[in-house]
Amino acid sequence: MTQELFAIVGNPVSHSKSPLMHNLAFGGLGMRGCYTRYRLEDGSTLKERIIQLNLKGINITVPHKRSAYEACDQLDPFAQKVGVVNTIVQREGKLHGYNTDAPGFLKALSRFDGIKKVLFLGAGGTAQSTAIILRDAGYEVTLLNRSSGRLKPFEEMGFVCSTFEAFTPTAYDLIINMTSAGLEDELLPCPQPLLDLLIPQSRACVDVIYGKETPFLRLAKSYNKPTQDGSDMLLYQGIIAFEHFCDYRYSFEEIEPHMRRAFSL
Ligand code: NDP
(Lines give C-alpha, C1' and ligand atoms only; values in the text may rest on other atoms or scores of the structure.)
Protein backbone atom coordinates (compact mmCIF):
# COMPACT_ATOMS: atom_id res chain seq x y z
CA MET A 1 0.00 0.00 0.00
CA THR A 2 1.39 3.42 -0.91
CA GLN A 3 1.77 6.15 1.66
CA GLU A 4 -1.01 8.75 1.48
CA LEU A 5 -0.31 12.44 1.92
CA PHE A 6 -2.32 14.85 4.08
CA ALA A 7 -1.80 18.51 5.06
CA ILE A 8 -2.99 21.50 6.99
CA VAL A 9 -3.49 24.32 4.46
CA GLY A 10 -3.71 27.98 5.43
CA ASN A 11 -1.67 31.11 5.97
CA PRO A 12 0.06 31.01 8.41
CA VAL A 13 0.42 27.30 9.18
CA SER A 14 3.77 27.16 10.99
CA HIS A 15 2.14 27.22 14.46
CA SER A 16 -0.35 24.41 13.75
CA LYS A 17 -0.55 21.35 16.01
CA SER A 18 -2.42 19.36 13.34
CA PRO A 19 0.65 17.64 11.78
CA LEU A 20 1.70 16.32 15.20
CA MET A 21 -1.85 15.20 16.07
CA HIS A 22 -2.48 13.36 12.80
CA ASN A 23 1.00 11.81 12.50
CA LEU A 24 0.66 10.41 16.04
CA ALA A 25 -2.65 8.85 15.01
CA PHE A 26 -1.20 7.39 11.78
CA GLY A 27 1.74 5.94 13.72
CA GLY A 28 -0.36 4.66 16.61
CA LEU A 29 -2.95 3.00 14.37
CA GLY A 30 -0.37 1.59 11.93
CA MET A 31 -1.72 3.54 8.95
CA ARG A 32 0.61 4.50 6.10
CA GLY A 33 -0.10 8.22 6.14
CA CYS A 34 2.04 11.33 6.33
CA TYR A 35 0.62 14.73 7.37
CA THR A 36 2.48 17.93 6.54
CA ARG A 37 1.78 21.68 6.36
CA TYR A 38 1.23 23.82 3.26
CA ARG A 39 1.18 27.61 3.30
CA LEU A 40 -1.23 28.83 0.64
CA GLU A 41 -1.56 32.51 -0.20
CA ASP A 42 -4.28 32.45 -2.84
CA GLY A 43 -7.35 30.48 -1.72
CA SER A 44 -8.72 30.35 -5.26
CA THR A 45 -5.89 27.94 -6.18
CA LEU A 46 -6.81 25.44 -3.44
CA LYS A 47 -8.43 22.86 -5.69
CA GLU A 48 -5.59 22.71 -8.23
CA ARG A 49 -3.01 22.43 -5.42
CA ILE A 50 -4.82 19.46 -3.84
CA ILE A 51 -4.95 17.65 -7.19
CA GLN A 52 -1.39 18.63 -8.20
CA LEU A 53 0.12 17.50 -4.88
CA ASN A 54 -2.11 14.40 -4.83
CA LEU A 55 -3.26 15.10 -1.30
CA LYS A 56 -5.64 12.46 0.03
CA GLY A 57 -6.99 14.81 2.68
CA ILE A 58 -6.50 18.28 4.08
CA ASN A 59 -7.58 20.47 6.95
CA ILE A 60 -8.09 24.11 6.16
CA THR A 61 -7.37 26.97 8.51
CA VAL A 62 -7.50 30.78 8.38
CA PRO A 63 -8.17 32.42 5.93
CA HIS A 64 -9.28 29.73 3.46
CA LYS A 65 -12.31 28.00 5.03
CA ARG A 66 -14.74 29.73 2.68
CA SER A 67 -12.52 29.03 -0.38
CA ALA A 68 -12.46 25.40 0.76
CA TYR A 69 -16.25 25.35 0.66
CA GLU A 70 -16.15 26.67 -2.90
CA ALA A 71 -13.45 24.18 -3.99
CA CYS A 72 -15.50 21.06 -3.15
CA ASP A 73 -17.34 18.85 -5.65
CA GLN A 74 -19.53 17.41 -2.92
CA LEU A 75 -20.51 18.76 0.50
CA ASP A 76 -21.91 16.93 3.47
CA PRO A 77 -25.26 18.37 4.59
CA PHE A 78 -23.90 20.28 7.59
CA ALA A 79 -21.02 21.88 5.62
CA GLN A 80 -23.57 22.85 2.98
CA LYS A 81 -25.78 24.43 5.64
CA VAL A 82 -23.05 26.51 7.33
CA GLY A 83 -21.08 27.40 4.18
CA VAL A 84 -17.71 26.74 5.84
CA VAL A 85 -15.39 23.76 5.20
CA ASN A 86 -12.35 22.84 7.29
CA THR A 87 -11.80 19.24 6.07
CA ILE A 88 -11.55 17.90 2.51
CA VAL A 89 -11.06 14.29 1.42
CA GLN A 90 -10.13 13.42 -2.17
CA ARG A 91 -11.91 10.31 -3.43
CA GLU A 92 -11.49 9.24 -7.07
CA GLY A 93 -10.49 12.76 -8.10
CA LYS A 94 -13.50 14.40 -6.42
CA LEU A 95 -13.22 16.70 -3.39
CA HIS A 96 -15.60 15.94 -0.51
CA GLY A 97 -16.02 18.74 2.05
CA TYR A 98 -16.89 18.61 5.76
CA ASN A 99 -17.05 20.93 8.73
CA THR A 100 -15.54 19.28 11.81
CA ASP A 101 -14.93 22.47 13.86
CA ALA A 102 -18.56 22.70 14.91
CA PRO A 103 -19.14 19.07 15.99
CA GLY A 104 -15.74 19.20 17.71
CA PHE A 105 -16.85 22.27 19.62
CA LEU A 106 -20.21 20.72 20.52
CA LYS A 107 -18.45 17.68 21.95
CA ALA A 108 -16.04 19.89 23.92
CA LEU A 109 -19.04 21.54 25.61
CA SER A 110 -20.53 18.20 26.65
CA ARG A 111 -18.58 18.25 29.93
CA PHE A 112 -20.77 21.14 31.15
CA ASP A 113 -24.12 20.12 32.65
CA GLY A 114 -27.32 22.16 32.77
CA ILE A 115 -26.37 24.69 30.09
CA LYS A 116 -29.20 26.31 28.12
CA LYS A 117 -28.40 29.97 27.50
CA VAL A 118 -25.08 30.67 25.77
CA LEU A 119 -23.49 34.04 25.03
CA PHE A 120 -20.97 34.23 22.16
CA LEU A 121 -18.50 37.09 22.34
CA GLY A 122 -17.62 37.48 18.63
CA ALA A 123 -19.32 36.80 15.32
CA GLY A 124 -16.59 35.61 12.94
CA GLY A 125 -16.26 32.47 10.84
CA THR A 126 -15.87 30.10 13.78
CA ALA A 127 -18.93 31.56 15.47
CA GLN A 128 -20.97 30.90 12.33
CA SER A 129 -20.73 27.10 12.25
CA THR A 130 -20.68 26.68 16.03
CA ALA A 131 -23.74 28.91 16.63
CA ILE A 132 -25.73 26.82 14.16
CA ILE A 133 -24.75 23.44 15.62
CA LEU A 134 -25.44 24.66 19.16
CA ARG A 135 -28.86 25.93 18.17
CA ASP A 136 -29.61 22.63 16.39
CA ALA A 137 -28.63 20.86 19.63
CA GLY A 138 -31.15 22.91 21.64
CA TYR A 139 -29.02 25.70 23.11
CA GLU A 140 -30.20 29.33 23.00
CA VAL A 141 -27.36 31.32 21.44
CA THR A 142 -27.00 35.11 21.67
CA LEU A 143 -24.19 36.93 19.85
CA LEU A 144 -22.42 40.02 21.14
CA ASN A 145 -19.93 41.64 18.77
CA ARG A 146 -17.73 44.74 18.65
CA SER A 147 -18.98 45.87 15.25
CA SER A 148 -22.41 45.51 13.67
CA GLY A 149 -21.32 44.37 10.17
CA ARG A 150 -20.55 40.75 11.07
CA LEU A 151 -23.84 40.38 12.95
CA LYS A 152 -25.98 40.76 9.82
CA PRO A 153 -25.86 37.11 8.65
CA PHE A 154 -26.64 35.95 12.19
CA GLU A 155 -29.63 38.31 12.39
CA GLU A 156 -30.84 36.93 9.06
CA MET A 157 -30.64 33.41 10.53
CA GLY A 158 -32.80 34.52 13.46
CA PHE A 159 -30.17 34.74 16.21
CA VAL A 160 -30.48 37.40 18.93
CA CYS A 161 -27.56 39.78 18.27
CA SER A 162 -26.16 42.95 19.77
CA THR A 163 -23.20 45.30 19.64
CA PHE A 164 -21.51 46.29 22.90
CA GLU A 165 -23.24 49.71 22.99
CA ALA A 166 -26.76 48.35 22.49
CA PHE A 167 -26.41 45.37 24.83
CA THR A 168 -28.46 44.91 28.02
CA PRO A 169 -26.65 42.33 30.16
CA THR A 170 -28.71 39.49 31.56
CA ALA A 171 -27.90 35.99 32.90
CA TYR A 172 -26.22 33.42 30.60
CA ASP A 173 -25.17 29.91 31.67
CA LEU A 174 -22.08 29.88 29.49
CA ILE A 175 -19.97 32.73 28.10
CA ILE A 176 -17.68 31.89 25.20
CA ASN A 177 -14.88 33.97 23.75
CA MET A 178 -15.21 33.38 19.99
CA THR A 179 -12.98 36.34 19.07
CA SER A 180 -9.24 36.45 18.45
CA ALA A 181 -8.84 38.93 21.35
CA GLY A 182 -6.19 37.42 23.62
CA LEU A 183 -4.62 35.32 20.84
CA GLU A 184 -1.63 37.55 20.14
CA ASP A 185 -2.39 40.38 22.55
CA GLU A 186 -3.59 40.91 26.12
CA LEU A 187 -7.03 42.23 25.20
CA LEU A 188 -10.42 41.24 26.58
CA PRO A 189 -13.09 40.32 23.99
CA CYS A 190 -15.45 43.05 25.25
CA PRO A 191 -15.30 45.96 27.72
CA GLN A 192 -14.51 44.76 31.26
CA PRO A 193 -17.52 46.48 32.90
CA LEU A 194 -19.78 44.22 30.77
CA LEU A 195 -17.81 41.11 31.74
CA ASP A 196 -17.95 42.14 35.41
CA LEU A 197 -21.74 41.99 35.12
CA LEU A 198 -21.93 38.83 32.98
CA ILE A 199 -19.32 36.46 34.46
CA PRO A 200 -20.65 36.38 38.07
CA GLN A 201 -24.07 35.28 36.76
CA SER A 202 -22.63 32.48 34.57
CA ARG A 203 -21.91 28.84 35.41
CA ALA A 204 -18.73 28.61 33.31
CA CYS A 205 -16.57 30.41 30.73
CA VAL A 206 -14.97 28.94 27.61
CA ASP A 207 -12.34 30.28 25.20
CA VAL A 208 -11.72 28.91 21.70
CA ILE A 209 -8.10 30.09 21.90
CA TYR A 210 -5.75 27.33 23.06
CA GLY A 211 -2.21 26.99 24.32
CA LYS A 212 -2.28 30.04 26.60
CA GLU A 213 -4.33 31.54 29.37
CA THR A 214 -6.17 34.48 27.85
CA PRO A 215 -7.14 37.63 29.82
CA PHE A 216 -10.76 36.46 29.45
CA LEU A 217 -10.13 33.12 31.16
CA ARG A 218 -7.96 34.84 33.79
CA LEU A 219 -10.84 37.17 34.61
CA ALA A 220 -13.28 34.23 34.77
CA LYS A 221 -10.96 32.40 37.18
CA SER A 222 -10.79 35.49 39.39
CA TYR A 223 -14.55 35.00 39.83
CA ASN A 224 -13.94 31.29 40.67
CA LYS A 225 -15.77 30.11 37.54
CA PRO A 226 -14.94 26.78 35.85
CA THR A 227 -13.05 27.48 32.59
CA GLN A 228 -12.03 25.60 29.47
CA ASP A 229 -9.69 26.68 26.67
CA GLY A 230 -9.85 25.64 22.97
CA SER A 231 -7.66 22.51 23.27
CA ASP A 232 -10.57 20.05 23.42
CA MET A 233 -12.20 21.71 20.41
CA LEU A 234 -8.94 21.37 18.48
CA LEU A 235 -8.54 17.73 19.53
CA TYR A 236 -12.12 16.73 18.72
CA GLN A 237 -12.27 18.49 15.33
CA GLY A 238 -9.02 16.65 14.50
CA ILE A 239 -10.41 13.25 15.51
CA ILE A 240 -13.59 13.80 13.47
CA ALA A 241 -11.45 14.89 10.47
CA PHE A 242 -9.34 11.74 10.89
CA GLU A 243 -12.49 9.59 10.82
CA HIS A 244 -13.18 11.06 7.36
CA PHE A 245 -9.53 10.62 6.29
CA CYS A 246 -9.60 6.91 7.11
CA ASP A 247 -13.15 6.47 5.73
CA TYR A 248 -14.37 5.40 9.18
CA ARG A 249 -11.96 2.43 9.41
CA TYR A 250 -11.17 3.53 12.99
CA SER A 251 -13.65 4.81 15.57
CA PHE A 252 -13.46 8.06 17.51
CA GLU A 253 -12.48 6.08 20.64
CA GLU A 254 -9.65 4.29 18.82
CA ILE A 255 -8.21 7.52 17.38
CA GLU A 256 -8.50 9.68 20.52
CA PRO A 257 -5.68 8.31 22.74
CA HIS A 258 -3.13 8.63 19.94
CA MET A 259 -4.10 12.17 19.01
CA ARG A 260 -4.40 13.29 22.62
CA ARG A 261 -0.68 12.59 23.09
CA ALA A 262 0.03 15.72 21.00
CA PHE A 263 -1.13 17.80 23.99
CA SER A 264 1.32 16.29 26.45
CA LEU A 265 4.49 16.11 24.34
P1 NDP B 1 -12.62 35.84 12.39
O2 NDP B 1 -11.49 36.68 11.91
O3 NDP B 1 -13.57 35.26 11.42
O4 NDP B 1 -13.50 36.70 13.47
C5 NDP B 1 -12.87 37.40 14.49
C6 NDP B 1 -13.90 37.89 15.51
O7 NDP B 1 -13.17 38.43 16.62
C8 NDP B 1 -14.82 38.99 15.01
O9 NDP B 1 -16.07 38.85 15.63
C10 NDP B 1 -14.10 40.27 15.52
O11 NDP B 1 -14.98 41.35 15.74
C12 NDP B 1 -13.59 39.77 16.85
N13 NDP B 1 -12.43 40.50 17.38
C14 NDP B 1 -11.16 40.45 16.92
N15 NDP B 1 -10.36 41.21 17.72
C16 NDP B 1 -11.15 41.72 18.69
C17 NDP B 1 -10.92 42.58 19.80
N18 NDP B 1 -9.70 43.03 20.07
N19 NDP B 1 -11.96 42.90 20.59
C20 NDP B 1 -13.20 42.43 20.34
N21 NDP B 1 -13.49 41.62 19.28
C22 NDP B 1 -12.48 41.27 18.47
O23 NDP B 1 -11.93 34.72 13.29
P24 NDP B 1 -12.34 33.19 13.47
O25 NDP B 1 -13.79 33.11 13.78
O26 NDP B 1 -11.80 32.38 12.35
O27 NDP B 1 -11.49 32.78 14.78
C28 NDP B 1 -11.86 33.24 16.06
C29 NDP B 1 -11.00 32.56 17.10
O30 NDP B 1 -11.27 31.15 17.09
C31 NDP B 1 -9.50 32.73 16.88
O32 NDP B 1 -8.91 33.08 18.11
C33 NDP B 1 -9.06 31.33 16.46
O34 NDP B 1 -7.72 31.07 16.87
C35 NDP B 1 -10.04 30.45 17.23
N36 NDP B 1 -10.22 29.09 16.67
C37 NDP B 1 -9.99 28.01 17.47
C38 NDP B 1 -10.16 26.71 16.99
C39 NDP B 1 -9.86 25.55 17.88
O40 NDP B 1 -9.83 24.40 17.37
N41 NDP B 1 -9.67 25.72 19.17
C42 NDP B 1 -10.64 26.45 15.62
C43 NDP B 1 -10.91 27.67 14.86
C44 NDP B 1 -10.70 28.92 15.38
P45 NDP B 1 -15.26 42.47 14.58
O46 NDP B 1 -16.35 41.89 13.73
O47 NDP B 1 -15.71 43.67 15.34
O48 NDP B 1 -13.98 42.68 13.85
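This is a predicted model: local features need pLDDT of at least 70, side-chain atom pairs count only at pLDDT 80 or more; totals for chains, interfaces and linings use all residues.
Residues are numbered from 1 along each chain as its sequence is written, and side-chain values use heavy atoms, without hydrogens or water. Local features need pLDDT of at least 70, side-chain atom pairs count only at pLDDT 80 or more, and totals for chains, interfaces and linings use all residues.

**Exercise 1.** Describe how helix 10 packs on helix 11.

*Solution.* Step 1: locate the helices, which are DSSP runs of H or I with at least four residues, numbered from the N terminus. Helix 10 spans residues 231-245 and helix 11 spans residues 252-260.

Step 1: take the angle between axes fitted to C-alpha atoms over the stretch in contact, on a scale from 0 to 180 degrees between N-to-C directions. The axes come within 10 Å and cross at roughly 130°. Helix 10 is therefore oblique to helix 11 (under 35 degrees is roughly parallel, over 145 roughly antiparallel, 65 to 115 roughly perpendicular, the rest oblique).

Step 2: list contacts (heavy atoms within 4.5 Å). Helix 10 contributes residues including Leu235, Ile239 and Phe242; among their partners in helix 11 are Phe252, Ile255 and Met259.

**Exercise 2.** Find the cavities and state what lines the largest cavity.

*Solution.* Step 1: count. On a 1 Å grid over the protein atoms alone, a cavity is a set of points where a 1.4 Å probe fits but cannot get out; lining residues have an atom within 4 Å of a point. There are 2 cavities of 30 Å³ or more.

Step 1: size. The largest cavity has a volume of about 40 Å³.

Step 2: lining. Val9, Tyr38, Leu40, Leu46, Arg49, Ile50, Leu53 and Leu55 line the largest cavity. Helix 2 (residues 46-52) gives the most, with 3 residues.

Notes:
Helices (H or I, at least four residues) and strands (E, at least two) are DSSP runs, numbered from the N terminus. On a 1 Å grid over the protein atoms alone, a cavity is a set of points where a 1.4 Å probe fits but cannot get out, and a pocket is an open set with protein on both sides within 12 Å along at least five of seven lines; lining residues have an atom within 4 Å of a point. Grid points are joined across faces, edges and corners, and a volume is the space filled by probe spheres set on the points.
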